[in-house]
Amino acid sequence: MSISLTVNGRPHQVDVDPATPLLYVLRDDLALNGAKYGCGLGQCGSCTVVVDGEAVLSCMVPVMLLEGREITTIEGLGTIEEPGPLQQAFIELQAAQCGYCIPGMMMSAHALLRRNARPSDAEIREALATNLCRCGTHMRILAAIRRAGELMQAASLPKADKGRAG
Amino acid sequence: MGILQQEITRRTVIAGTGGLVVSFSLGRAFAQAPAPPAPPAPPASLPGSLDDDRFLDSWIRVDPDNSVTVFTGKAELGQGIRTALLQVAAEELEVDPQEIEFVTADTGRTPNEGFTAGSQSMQNSGTAIRNAAAQVRALLLAEAAKRFGVAAAELRAENKSVLAKDGRSVSYGELVSGQMLHVEAQPQSALKQPGTFRVMGKALPRVDIPAKVTGRAAYVQDLRLDGMLHARVVRPPSPAATLAELDQGAAEAMPGVVSVVRDGNFLAVVGEKEFQAVSAMRALAAAARWQERDTLPDQATLPAVLQGLEREVGTVAEAGVLSSNGKVFEATYTRPYQIHGSIGPSCAVAHMKADGTLDVWSHTQGVFPDRGAIAEMLAMPEEKVHVIHMEGSGCYGHNGADDAAADAALIASKIPGKPVRVQWMREQEHSWEPYGPAMLMKVSATLDDQGKIASWAYDLWSNTHSTRPGGAGALLAARHKAQPFQPEPAELRISPSGNGDRNANPLYTIPNKRVLWHFLPDMPLRVSALRALGGYANVFAIESTIDELALMAEADPVEFRLSHMEDPRARAVIELAAERFGWDKAQMPRNRGRGFAFARYKNLAAYLAVAMEAEVEPETGRVRVARVVSAIDSGEIVNPDGIRNQTEGGILQSISWTLYEAVAFDRTRITSTDWSSYPILRFASVPDSVEVNIIERPGEPFLGTGEAAQGPAAAAVANAIRNATGKRLYDLPFTRDRIRNAVGGA
């Protein structure tokens with residue numbers, strides 16, 4: 001069955017079983033690496049993507065529910081050449097060890113920071129409640145998300161303000 | 001194929017040319033060095049892994065196009081080793097890190113450095129690359145000196161060129177010729193001095209992180225080959241189950257299914273697309289009937305089970321005469337089976353090609369041993385199997401990586417011509433990875449009337465902590481085949497770096513002691529290396545005991561440790577952690593406590609001390625570590641941020657093991673098969689701050705970092721809970737039930 005999807009602003013037609021979880025469509029049909037298989041049970045958060053502004057576990061959502069909705073993966077946040085604020089912050093603070101859980105963390109954070117660019121530590125922890133990290137990178141992940149919020153705010157300020165702030 | 005051919009060519013060349021060029025070139029490069037030894041003399045010992053792979057061009061290649069390639073047999077496991085090794089090479093070669101092509105573990109291209117394990121990559125590979133790079137630089141300087149007609153000391157190497165004072169310069173690529181770098185390394189190198197470092201000692205950003213945070217292909221899970229198929233394995237429902245009946249028709253008829261593979265108790269399905277393979281795996285699992293047997297021990301009486309499995313005793317350390325005079329402290333500690341629990345389940349891609357050679361991409365810790373085991377399983381000559389390391393999710397020891405590689409290889413061998421990708425499901429990873437072994441530790445220690453430890457008897461019961469390949473019998477697929485391979489029998493070996501007995505011998509000054517490893521050859525649950533091996537539980541037991549002895553001696557725990565410690569580097573980390581933590585005698589608020597612990601990893605590697613503040617909720621049994629301050633000395637620093645990152649991670653992972661983690665099982669099956677039945681640390685319980693202080697040791701050998709925190713962090717948690725509640729906890733993990741039981745009525 002052919003399904004239309006919008007991923008990172010681009011339309012796609014995929015021919016898959018409509019019950020296929022979004023995760024497999026992203027990885028297998030669209031060759032996107034960002035969302036990771038971790039548990040397939042909605043317990044670890046490594047497959048997290050953003051759908052219409054909300055963090056969603058892509059291993060749990062059948063692709064048929066996503067027609068006409070805006071799907072964002074970390075590929076949509078920027079590139080190596082032009083990293084977005086979240087990517088910039090994670091690189092700046094070296095917030096990864098193996099890095100496998102990190103895209104899921106970043107997408108949970110992306111959904112949070114869209115709503116609230118200056119979240120408290122408790123709000124960040126709450127937003128990451130379903131994301132597991134095994135390497136113990138938690139402190140850096142928290143710091144990188146705070147930093148990303150700062151970068152986003154700085155970017156959204158008018159140029160004159162940025163000059164004064166700097 | 002090309003890579004294999006290259007390897008054969010290189011090896012053939014090595015065999016054919018001998019070392020004639022060697023003495024000639026090096027004689028010039030190291031004019032002050034003694035003449036090369038006469039041929040019959042045994043070869044001189046070379047630094048690090050150079051001793052095993054003695055030719056400079058096994059490690060470093062400079063090509064006429066001025067490209068520089070560095071090879072390591074070690075693998076990036078998420079620990080940042082690629083970046084640290086690159087820094088070492090860049091420093092000694094006088095080349096910018098981004099100018100170097102860096103090749104990691106690959107049986108076709110790199111030296112064989114065994115396993116990436118034991119926090120030894122910097123000592124082994126870092127030392128080898130550093131010395132090889134320094135010697136390559138010296139050879140290039142010597143060649144330039146000859147061409148310019150000046151002394152080598154008049155020249156300097158910079159940015160892939162050699163520069164003369166008069167402005168002449170020549171690139172490395174122009175200097176190399178023929179077999180110039182195909183020479184045996186020398187025992188001594190003219191290493192750069194710490195004050196002159198450009199790259200080493202600096203927090204060079206990790207080279208792998210940008211790809212990982214932007215969705216570039218970074219893991220073996222992301223490898224997509226033309227025509228690649230997806231496979232899933234249907235594992236037995238329990239460790240000893242055998243396949244009694246199978247109706248594979250329904251699975252075979254499912255969309256996209258290419259093949260059902262069965263070999264004895266090994267069962268897998270191959271599909272065109274990944275989710276088709278997952279769906280067919282479920283159908284196949286439902287259609288398989290397994291004969292199960294009760295082979296697992298009674299979890300409720302595990303310590304007695306472990307004692308009953310004892311077959312042999314090894315003496316780890318012995319001094320003086322034990323006594324029971326004075327004040328006595330006795331205790332029994334336990335540690336459960338625990339998992340590596342990588343967030344990404346194990347994955348591999350294998351391709352049996354038309355020429356009969358097999359390529360395997362794996363996140364194994366050891367491409368060469370894995371190649372041997374896979375070749376044995378498939379009855380192929382080793383040289384026809386090519387294992388290439390690609391990153392997986394975090395490693396933390398011998399996890400499912402080798403088994404997934406074997407799964408992919410076995411499946412690929414049955415459908416030649418097509419690359420096959422296998423990824424384990426979450427429940428397969430939880431159920432089938434080799435676990436960190438359960439352990440039992442008994443201590444009996446005495447204090448003399450000066451408040452000093454007089455006598456120390458320590459007994460530990462444990463399996464071996466390494467069942468890595470090895471032979472094919474180490475691989476699940478090989479064990480499940482119709483013609484099964486048996487695991488190699490485990491043997492008790494006492495070594496300086498230790499195994500189950502790692503860190504069992506306390507580093508403190510104790511005149512009379514005896515440390516025994518009661519060895520259990522039989523493994524009721526499959527076990528192998530988990531980060532720090534026995535060092536995690538042994539340091540937990542020792543450092544818990546030290547705190548109790550300090551209390552008995554009415555001494556401050558930090559002062560008590562210092563009064564039993566002579567090693568100045570150990571004293572330095574203890575003093576630094578205590579100072580930065582603000583360790584004093586002030587009373588903690590109610591239900592808050594602080595704990596301290598120390599160990600030198602393996603008693604011969606990195607020194608680490610850690611202080612923690614923890615809060616305990618007596619009603620719920622919840623413990624949260626609020627603040628952590630650590631100090632580490634891992635020798636000369638290559639990347640301080642890498643050391644910090646690894647140490648923070650080790651501390652948090654150890655807190656997770658210590659508070660939450662135990663494999664659960666009934667008499668037949670593993671029952672902790674996901675993250676809800678095997679919980680780990682979550683953000684809600686992460687500390688407010690974790691501080692890592694690094695002691696600089698310029699010019700000292702690399703000591704490695706990755707595992708130093710595991711033991712001390714566990715003991716610091718235990719000691720902080722003791723301080724907060726007055727109760728000593730002996731059994732890992734410190735679950736809410738155990739805390740409530742311990743503090744109940746207090």
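## Confidence in the model

Over residues 1-33 of chain B, pLDDT stays under 50, and the model has 35 contacts beyond four places in sequence for this stretch. Where pLDDT is low, the predicted coordinates should not be read in detail. As you look around, please keep in mind that this is a predicted model.

For chain B as a whole, the mean pLDDT is 94, with 94% of the residues reaching 70 or more. The scores for the model are ipTM 0.95 and pTM 0.94.

## Where the chains meet

Let us turn to the contact between the chains. Chain B contributes 47 residues to it and chain A contributes 48 residues. On the side of chain B that touches chain A, at least two residues come from each of helix H6 (209-214), helix H8 (274-287) and helix H17 (640-660) of chain B. H17(B) provides the largest share of that side, 8 residues. Sorted by class, the side of chain B that touches chain A holds 19 nonpolar, 16 polar and 12 charged residues.

## The largest nonpolar core

The largest nonpolar core has 281 residues, and the members that touch the most others are Ala408(B), Val610(B) and Val717(B). Helix H4 (residues 121-148) of chain B gives the most to this core, namely 13 residues. In soluble globular proteins, nonpolar side chains tend to be buried together.

Setting aside neighbours within four places in sequence, Val717(B) contacts Gly595(B), Met612(B), Ala614(B), Val625(B), Ile655(B), Thr658(B) and Leu659(B).

## A pair of packed helices

Two packed helices are described by the angle between their axes and the distance between the axes. Helix H14 (residues 535-552) and helix H18 (residues 710-725) of chain B pack at about 35 degrees, and their axes are 7 Å apart. The crossing of H14(B) and H18(B) is right-handed.

On the H14(B) side, the residues that meet H18(B) include Tyr536(B), Val539(B), Phe540(B) and Glu543(B). Among their counterparts in H18(B) are Pro712(B), Ala715(B), Ala718(B) and Arg722(B). By class, the contact of H14(B) with H18(B) comprises 7 nonpolar, 6 polar and 3 charged residues.

## An arginine in a loop

Finally, have a look at Arg667(B), which sits in the loop between H17 and strand S24 (689-694) of chain B. Arg667(B) counts as exposed because 12 other C-beta atoms lie within 10 Å, and the cut-off for exposed is 12 or fewer.

Arg667(B) and Asp294(B) are 373 residues apart along the chain, yet their C-alpha atoms are separated by 5.1 Å. Not counting residues up to four places away in sequence, Arg667(B) touches Asp294(B), Leu296(B) and Asp298(B).

Terms used: Residues are numbered from 1 along each chain as its sequence is written. Chains are lettered from A and ligands numbered from 1 in the order in which they are written. This is a predicted model: local features need pLDDT of at least 70, side-chain atom pairs count only at pLDDT 80 or more; totals for chains, interfaces and linings use all residues. Two residues are in contact if their C-beta atoms, placed from the backbone, lie within 7 Å. Helices (H or I, at least four residues) and strands (E, at least two) are DSSP runs, numbered from the N terminus. Ala, Val, Leu, Ile, Met, Phe, Trp, Tyr, Cys and Pro count as nonpolar, Asp, Glu, Lys and Arg as charged, and the others, Gly among them, as polar. A nonpolar core is a set of buried Ala, Val, Leu, Ile, Met, Phe, Trp, Tyr and Cys residues joined through C-beta atoms within 7 Å. A residue is buried if 20 or more other C-beta atoms lie within 10 Å of its own, exposed if 12 or fewer, and partly exposed in between; C-beta atoms are placed from the backbone. Axes are lines fitted to C-alpha atoms, for helices over the stretch in contact, and angles run from 0 to 180 degrees between N-to-C directions. A crossing is left-handed if the near helix is turned anticlockwise from the far one by less than a right angle, and right-handed if clockwise. pLDDT is the predictor's confidence in each residue, from 0 to 100.
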